[in-house]
Structure formats: structure tokens, C-alpha cells
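Here's a quick tour for anyone opening this one up for the first time. Have a look at the picture, then read on.

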Amino acid sequence: QVQLVESGGGLVQAGGSLRLSCAASGRTFSAYAMGWFRQAPGKEREFVTAITWSGGSTSYADSVKGRFTISRDNAKNTVYLQMNSLKPEDTAVYYCAAKSGGLDRGHYAYWGQGTQVTVSS
């Protein structure tokens with residue numbers, strides 16, 4: 001089992017920045033690929049970004065490419081999501097997730113409880 005706890009969400013003006021953190025506990029964090037997903041009100045959950053266990057490869061949704069950066073610190077069992085140039089359409093609950101395997105967008109086995117990000121115009 002892997003337990004995931006997100007933090008760092010909040011209210012920010014359009015154009016601003018936030019950094020989300022996801023702290024993991026349980027089984028070996030460094031063995032898992034990590035991803036961030038988001039769900040806006042009335043919409044389905046969507047993929048945002050993912051990173052391999054080593055941090056050597058990343059993948060981004062087109063909507064966040066160039067604005068968001070995923071990183072991880074395996075010594076701290078934490079994955080980060082740096083969000084810059086935020087837009088109102090980035091408003092959502094953001095979830096981190098963990099899985100075995102690579103950067104494909106499915107088959108995540110473990111999920112956090114989510115953290116709210118609200119971007120005002």
C-alpha cells in the first residue's frame with residue numbers, strides 16, 4: 001500500500017503560481033511512477049502530468065505544457081507540481097497518484113484525497 005497526501009492548493013489570481021506537493025508513505029516510493037490529475041466541477045477527471053520512478057522522463061497534457069513542471073525527490077518521498085501562469089480554467093481539485101510502470105496515463109493504483117486549486121480572473 002502507498003498512502004498519498006497532497007498539499008499546497010489554494011486561491012491565486014490568474015497569472016500567478018502555486019506549488020503542489022504530494023507526500024508518500026508506505027511501500028517504496030522510488031519504485032513508482034507518479035502522476036497528477038485534476039477534476040473540475042461537472043467534468044471528468046483528466047490527466048495533467050506524470051514522471052517516471054527515476055525522474056528521468058516526464059509527460060504533460062497539452063493544456064499545461066510549458067506552464068507546469070513535475071518533479072520528485074525520492075529521498076523525501078515527495079512529488080511536486082510547479083504551476084506557473086495559472087489560468088481560471090486550471091481551477092480544479094488536483095490529485096496525485098502512484099503506479100508501477102511507465103508514463104501511460106492509466107492503471108494508477110493509489111490516489112490521494114486531492115487539494116483544491118482555484119484561479120480567479
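## Starting with one arginine

Is Arg-38 buried or exposed? Arg-38 is buried, at a relative accessible area of 6%; "buried" means under 20%, "exposed" over 50% and "partly exposed" anything in between, using a 1.4 Å probe and protein chains only. Before going further: this is a predicted model, where local features need pLDDT of at least 70 and side-chain atom pairs count only at pLDDT 80 or more, while totals for chains, interfaces and linings use all residues. Residues are numbered from 1 along each chain as its sequence is written, and side-chain values use heavy atoms, with hydrogens and water left out.

Arg-38 sits in strand β4. (Strands are DSSP runs of E with at least two residues, numbered from the N terminus.) Its side chain makes polar contacts with the side chains of Glu-46, at 2.6 Å, and Tyr-94, at 2.9 Å. A polar contact here is a pair of N or O atoms within 3.5 Å; within protein, one must be able to donate a hydrogen and the other to accept it, and residues adjacent in sequence count only if both atoms are side-chain atoms. Leaving aside residues up to four places away in sequence, Arg-38 also touches a list of others, including Val-48, Phe-68 and Asp-90, with contact meaning heavy atoms within 4.5 Å.

## β5 and its two partners

Strand β5 covers residues 46-51, and five of its six residues are buried. On one side, β4 (residues 33-39) runs antiparallel to β5, joined by five bridges; two strands count as paired if DSSP finds at least two bridges between them. Within that pairing, Gly-35 is opposite Ala-50. The β4–β5 hairpin has six residues between the strands, and there Gly-42 takes a positive phi near 75 degrees.

β5 also pairs with β6 (residues 58-60), antiparallel again, over three bridges. Ala-50 turns up here too, with Ser-59 as its bridge partner in β6. In the β5–β6 hairpin, with six residues between the strands, Gly-55 has a positive phi near 85 degrees.

## The four-stranded sheet

Elsewhere, four strands make an open, antiparallel sheet in the order β1-β3-β8-β7. β1 (2-7) and β7 (68-73) are at the edges with a single partner strand each, so one side of each has no neighbour in the sheet.
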